[in-house]
Amino acid sequence: WLNGASARYNLSHLPKRLHIDTYSAARYGLKGQLSSYSLENLADFFKIGVKDRPSKHDWRAANIRDPEAIRRLRTRCESDVQLTAVVLGKLKDHWLRWKGQ
């Protein structure tokens, strides 16, 4: 899709990238070692951090565009991305073993 859009606007194609889904990597790479493969459980399993959990009040306030609540949720999203990167680093060997590489 992105390369098609790029072509329509005379932009160069994007380089090929490998997509590794942390859920699939954990589910198949860890083979039943966890009852849930959520980011929170994976971070706990690897002992690498705690997932940020904003309250339902933060979500409600963000829905009505409260700037402080939006900042809180943005911080949460950024920490999720960082935690996902660390979890993926821990899962890499499990994923490669599952894929047979």
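Predicted model: local features only at pLDDT ≥ 70, side-chain atom pairs only at ≥ 80, totals over all residues.
Helix H4 spans residues 56-63, and its buried residues are Asp 58, Ala 61 and Ala 62. Viewed down the axis of H4, these buried residues fall within an arc of 100 degrees, so they line one face of the helix. The face of H4 turned away from the buried side carries the exposed residues Lys 56, His 57 and Asn 63. Just after H4, the backbone at Arg 65 takes a positive phi of about 65 degrees.

The partner of the buried face is helix H5, residues 67-99, against which the buried residues of H4 pack. Two packed helices are described by the angle between their axes and the distance between the axes. For H4 and H5 the angle is about 120 degrees, and the axes lie 8 Å apart. H4 is therefore oblique to H5, and the crossing of the two helices is left-handed. On the H4 side, the residues that meet H5 are Asp 58, Trp 59, Ala 61 and Ala 62, while H5 contributes Ala 69, Ile 70, Arg 72, Leu 73 and Arg 76.

When residues up to four places away in sequence are not counted, Arg 76 touches Lys 51, Asp 52, Pro 54 and Trp 59. Trp 59, one of these contacts, is also among the residues of H4 that meet H5.

A separate site is provided by Ser 36, which lies in the loop between helix H2, residues 22-29, and helix H3, residues 39-46. With a relative accessibility of 27%, Ser 36 counts as partly exposed, because this class covers values between the 20% limit for buried residues and the 50% limit for exposed ones. The side chain of Ser 36 reaches the backbone nitrogen of Ser 38 at 3.4 Å, and a polar contact of 3.3 Å joins the side chains of Ser 36 and Asn 41. Ser 36 and Gly 4, by comparison, are 32 residues apart in sequence, and their C-alpha atoms are 37 Å apart in space.

Terms used:
Residues numbered from 1 in each chain as written. Heavy atoms only, no water. Helix = DSSP H or I, 4+ residues; strand = E, 2+ residues; numbered from the N terminus. Buried < 20%, exposed > 50% of the residue type's maximum accessible area, 1.4 Å probe, protein only. Polar contact = N/O pair within 3.5 Å; in protein donor to acceptor, adjacent residues only side chain to side chain. Arc of directions from axis to C-beta. Contact = heavy atoms within 4.5 Å. Axes fitted to C-alpha atoms, helices over the stretch in contact; angles between N-to-C directions. Parallel < 35°, antiparallel > 145°, perpendicular 65-115°, else oblique. Left-handed = near helix turned anticlockwise from the far one by under 90°.
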